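Student: Could we go through this fold together, beginning with the sheet and then moving on to the core and the loops?

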Amino acid sequence: MKAVIYTRISTSGQTVEPQRMELAAFAASRSMPIVAEFSDVISGTKFTRDGLNALIAAAMRREFDTVLIIKIDRLGRSLANVLNLIETFDKLGIAVIATSQGIDTSKSNPAGRLTLGILSCCAEFERDLISERTRAGLAVARANGKILGKPSKVLVPDWREKVAAWQKETGGFGLRDLRKRLGGVCLATAAKCRDAIAA
């Protein structure tokens, strides 16, 4: 079984050496030859990283069978992103072993497969929570009269006053007239402005 080591630290004031030493010792204890080492000095919230990108590229070339990491969070802070990465490795027949957490996603390891399933459920839960918070935030923004979506480049600063005047004069009919008053915005933007005022 060919193994690679992946280490990550968040700042240059830290060192990856403790991680590297522990992972090398783990590999030696299981007679796993280490064929490459990848490392990053960057926050785990950044999913595009030089070391991680090189690791993924090597995985696509099937250069190894196992990725050794200290903890799952070395791969990233977003559980959904980490799970997608682990599933990519899994499809390539590559196991991920988090040595200090007892996580091993090898197909021959039933506990590892269970862990992968639990991670999948947690990632789905995380995505649902993010969607729920996004929907709640959008509802509050709409209630406060904010126009959502890409702003028009030609929307006049006093658009609220112009929409109110248009409604008073026309009774709220004639979006084409409203779009002209708003500086030639598209009909969709004119409708959003009308609805924002109506709300």
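**The sheet and its helices**

Tutor: The model contains an open sheet of 5 strands in the order β2-β1-β3-β4-β5, with mixed pairing. Strands (E, at least two residues) and helices (H or I, at least four) are DSSP runs numbered from the N terminus, and two strands pair if DSSP finds at least two bridges between them. This is a predicted model, in which local features need pLDDT of at least 70 and side-chain atom pairs count only at pLDDT 80 or more, while totals for chains, interfaces and linings use all residues. Residues are numbered from 1 along each chain as its sequence is written, and side-chain values use heavy atoms, with hydrogens and water left out.

Student: In what sense do β3 and β4 pair?

Tutor: Their pairing is parallel, over 4 bridges. Within β4, V96 is the bridge partner of V67.

Student: Which strands does helix α1 touch?

Tutor: Helix α1 (residues 17–29) packs on the sheet and touches β1, β2, β3 and β4. Its direction makes about 160° with that of β1. Axes are lines fitted to C-alpha atoms, for helices over the stretch in contact, and angles run from 0 to 180 degrees between N-to-C directions.

Student: And where does α2 lie?

Tutor: Helix α2 lies across β1, β2 and β3, and runs at about 150° to β2.

Student: On to the core. Which residues of the largest nonpolar core touch the most other members?

Tutor: Of its 23 residues, these are Y6, L55, F64, V67, I69, L75 and F89. A nonpolar core is a set of buried Ala, Val, Leu, Ile, Met, Phe, Trp, Tyr and Cys residues joined through side-chain atoms within 4.5 Å. Buried means under 20% relative accessible area, exposed over 50%, and partly exposed in between (1.4 Å probe, protein chains only).

Student: Which element gives the most to this core?

Tutor: Helix α3 does, with 5 residues.

Student: What is L55 in contact with?

Tutor: Apart from neighbours within four places in sequence, L55 is in contact (heavy atoms within 4.5 Å) with V4, Y6, F38, F64, V67 and F89.

Student: Now the loops. What is the phi of S31?

Tutor: The phi of S31 is near 55°, a positive value in a residue other than glycine. Most residues other than glycine have a negative phi. S31 sits in the loop between α1 and β2.

Student: Is S31 buried or exposed?

Tutor: S31 counts as exposed because its relative accessibility is 66%.
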